[in-house]
Amino acid sequence: MSLVKWKDKDIYDPWADLSSLQEEINNLFKVTNAPSTTGLFDRNVSPAIDVVETDESLTIICELPGMDENEIDVSITANTLTIKGEKKELFDGKKGKYFKRETWSGGFQRTLSLPADIDSSAVEAHLEEGILKVNLPKKEEAKPKQISVQVH
């Protein structure tokens, strides 16, 4: 014989209402990983980037697998770097459907604010094996200088 807590269904349970409310709030803020089709700036996926700083420059490393250089646009305007492009769909859907999908496709845009000490006239961008590297050299006055101390 086991003991079971007796519960009358006709008695009001305030915790049941709170649990229901919590579930509704969780559903309201549920984020899916599927790309949105509502517009360029509404997308919840975009290529991942890293920014590496050295004494000489900043390097932006952006993952763009499966893309050609003519599908990518890199520009700088007033200390703002913009990387945008259109990633093609890898599967045309003619002979099947997705069983599972983790890749993304469509238009994207990444915009980064740059420090004022970047020499925008010497920026270079290279795409190799799906990795875009944008080298942003610092202006000479921003680079650290070694000053020797003289003893008299």
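In what order do the three strands of the open sheet stand? The order is S3-S4-S5, with antiparallel pairing. This is a predicted model, in which local features need pLDDT of at least 70 and side-chain atom pairs count only at pLDDT 80 or more, while totals for chains, interfaces and linings use all residues. Residues are numbered from 1 along each chain as its sequence is written, and side-chain values use heavy atoms, leaving out hydrogens and water.

**The sheet**
- Strands here are DSSP runs of E with at least two residues, helices are runs of H or I with at least four, and both are numbered from the N terminus; two strands pair if DSSP finds at least two bridges between them.
- S3 (72-77) and S5 (106-113) are the edge strands, each with a single partner, so one side of each lacks a neighbour in the sheet.
- S3 is joined to S4 (residues 80-87) by six bridges, and the two run antiparallel.
- Within this pairing, Ile72 stands opposite Gly85 in S4.

**Around Pro47**
- Pro47 lies in the loop between helix H1 (14-28) and strand S1 (49-53).
- Pro47 has 1% relative accessibility, and therefore counts as buried (under 20% relative accessible area; exposed is over 50%, partly exposed in between, with a 1.4 Å probe and protein chains only).
- Leaving aside residues up to four places away in sequence, Pro47 touches Cys62, Glu63, Leu64, Trp104, Phe108 and Arg110 (contact means heavy atoms within 4.5 Å).
- Pro65 is 18 residues from Pro47 in sequence and 9.2 Å away in space, C-alpha to C-alpha.

**Confidence**
- Mean pLDDT (the predictor's confidence in each residue, from 0 to 100) is 82 for the chain, with 85% of its residues at 70 or more.
- Over residues 33-40, pLDDT stays under 50.
- Where pLDDT is low, predicted coordinates should not be read in detail.
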